Amino acid sequence: MTGYIIRRLGQAIVVVLGVTMIAFFLEHLLPGGIARAIIGSRATPQQIALFNKANGLDSPVWYQYWVFLGHLVHGNLGFSYKQNRSVNSIIANDLPRDLMLVGTSLVLAVLIAVPVGVVQAVKRNRGWDYAGTAVSFVLYSMPSYALGLILIGLVAIKFRIFPAIAPQGASVGAMLAHPSGLVLPIATLTLVTYALFSRYMRSAAIDSLAQDYIRTARAKGLSEKLVLWRHVLRNSLVPVTTLVGLSLPAVLTAGLVIEQLFNFQGLGLEYFTAATTYDFPVMVGITLLVGLATVVGNLLADLTYAILDPRVRY
Amino acid sequence: MALLPAATSPEWDALATRERADEDSEGGEVYQQGTVFQLVFRTFTKNKLAIIGVVIVCLLVLFCFVGPLFYHTDQVDTNIMQSNNPPSGANLLGTDNNGFDILGRLMVGGQSSIEIGLSVAILATFLGVVYGAVAGYFGKVVDTVMMRIVDIFLAIPVVFLFIFVSTIITPTTWLLILLLAGLSWLAPARLVRGETLSLRTREYVKAVKVMGGKSRRVVFRHIIPNAIGTIIVNATFQVADAILVLAVLQYLGFSLPFPHASWGEMLSQGSTFLSDGYWWEVYPALIAIILIVVAFNFIGDALRDSFEVRLQER
């Protein structure tokens, strides 16, 4: 087990290092150079030289990467070209909101997907099961913004129940002061995530229904309710850990689109804005963070799986 | 090598299957099963959802590619005198903000979605299959290095990476296909690598090696053809995924420049007028995207079941 953890950690470190390379070298592929993209096509050579010197872009690329890594180790992600702030402060400002959006949606999606999966497995190949499968199939096949648009069209415009714009407060606390605006973004991301989970939850529950311990539980006279609650539901929870870890890239992508759609001031929207304004330090910082989240998610998924399920041995 | 010319052909595989069935069942009736592909085809056509999927795809292809021959519209010159018209006899689905006929634009937009989706799937599958087979076949250090590279690219979600890349280059259709394929070959690579790991220890692979077959021959003539089920199923899902990712990128504005038409852009533009009640600018494109993605997912699911049947109905 220890050997496995060490090996798995080593892999994760290699992957993170690779992500830093991609994030760093991509911006240097920009034709005409970064300076021209930032200060404009009519910049004089002197201005460009000045910009390059100020931002450390005048040294060889490999040396720049080395400096970048050094800063990274000290937790310094650099300074935005466009906003007069450090990337650290931008992320520190946006991250809590994203944790709220993504975290709440993940929890809600699990809370919906697990019981629905168990019910579908129990009533498999009957009306409700088909209905559930159809719903998750359609949700899964929609681009995330399409679902958001439908919700906006119905809930916000037609029936005017919840607003179509996320609260614009400066902090999470200020946003929570207007909870009605959070309903639609969170609902959209929850449904998208639910669609990702539901297909696996149903088959996980079917798998655990077919196990010997279920037959034993029934044979010793447990009520069907207890069998479902104590045995099927709990054992179906094991793959959830893996699922949550592995689904992070998809959920973060949906998050980016949903933030753009609802003008939710999170990292996704920040990334989008940075991309349209060539604000590379911000893009590199957020790419790194997303990559790190994915790697850590995968790592935790693998490790918790090994811990939760004693049958898994490496 | 002429000794075993048909070692990888479907006939051979089916023959082997039948022979094994003979041994196991100790006599008994052995009925004619036909080749693997006949078997898969038979199971596939029994699946109602699969047929629905194929029909939807065929209808959409007809609609997009043959439709414009009968329904002539100008999708290049804007006409703001005719903007945002509701559906009428002249414009069956109304017009958009630029005065383009929506029905005609759906056809033209669909053409590019289908073309790009298919091309990306084919290219990505090809790249992924070769990469995965090589990694799995050679194993050890080669495998470790090659799969870490896959892990690194998988750590950054495709949409994030693509947005980053699109700040650097302005895509043309071919560049877009190359880029998307360059970001989506990772899943097939992983799958085929897993398959190869088990295939390379099979007797027929060993036999080829003993007879002096080169690595290239083993990989291309024996391993890849025997993983064809996994490959085809994954390729089908790749089409659906590529169209979805494309729709998201088009919606965010990171796609081909105006006046290029696409379903994602139609949605993005139409969504600005959702609150004005211009439903015809949003829902047709939305339904088109959902339909095609659902259809390809149906086909993929049915294909997966059909190829599994090959293993189960022995």
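**Domains of chain A**

The C-alpha centres of domain 1 of chain A and domain 2 of chain A lie 32 Å apart. Domain 1 of chain A spans 2–76 and domain 2 spans 88–308, with bounds taken from an automatic or database domain assignment. This is a predicted model, in which local features need pLDDT of at least 70, side-chain atom pairs count only at pLDDT 80 or more, and totals for chains, interfaces and linings use all residues. Residues are numbered from 1 along each chain as its sequence is written, while chains are lettered from A and ligands numbered from 1 in the order in which they are written.

In chain A, 15 residues of domain 1 are in contact (C-beta atoms, placed from the backbone, within 7 Å) with 13 residues of domain 2. On the domain 1 side, helix 1 (2–27) and helix 2 (34–39) of chain A each supply at least two residues; helices are DSSP runs of H or I, at least four residues, numbered from the N terminus. Helix 1 of chain A gives the largest share of that side, eleven residues.

By class, this side of domain 1 has eleven nonpolar, two polar and two charged residues. Ala, Val, Leu, Ile, Met, Phe, Trp, Tyr, Cys and Pro count as nonpolar, Asp, Glu, Lys and Arg as charged, and the others, Gly among them, as polar.

**Contact between the chains**

Between the chains, 36 residues of chain A are in contact with 29 residues of chain B. Several helices of chain B each supply at least two residues of the side that touches chain A, among them helix 5 (140–155), helix 11 (228–252) and helix 13 (283–312). Helix 6 of chain B provides the largest share, seven residues. The side of chain B that touches chain A comprises 23 nonpolar, four polar and two charged residues.

Terms used: Contact = placed C-beta atoms within 7 Å.
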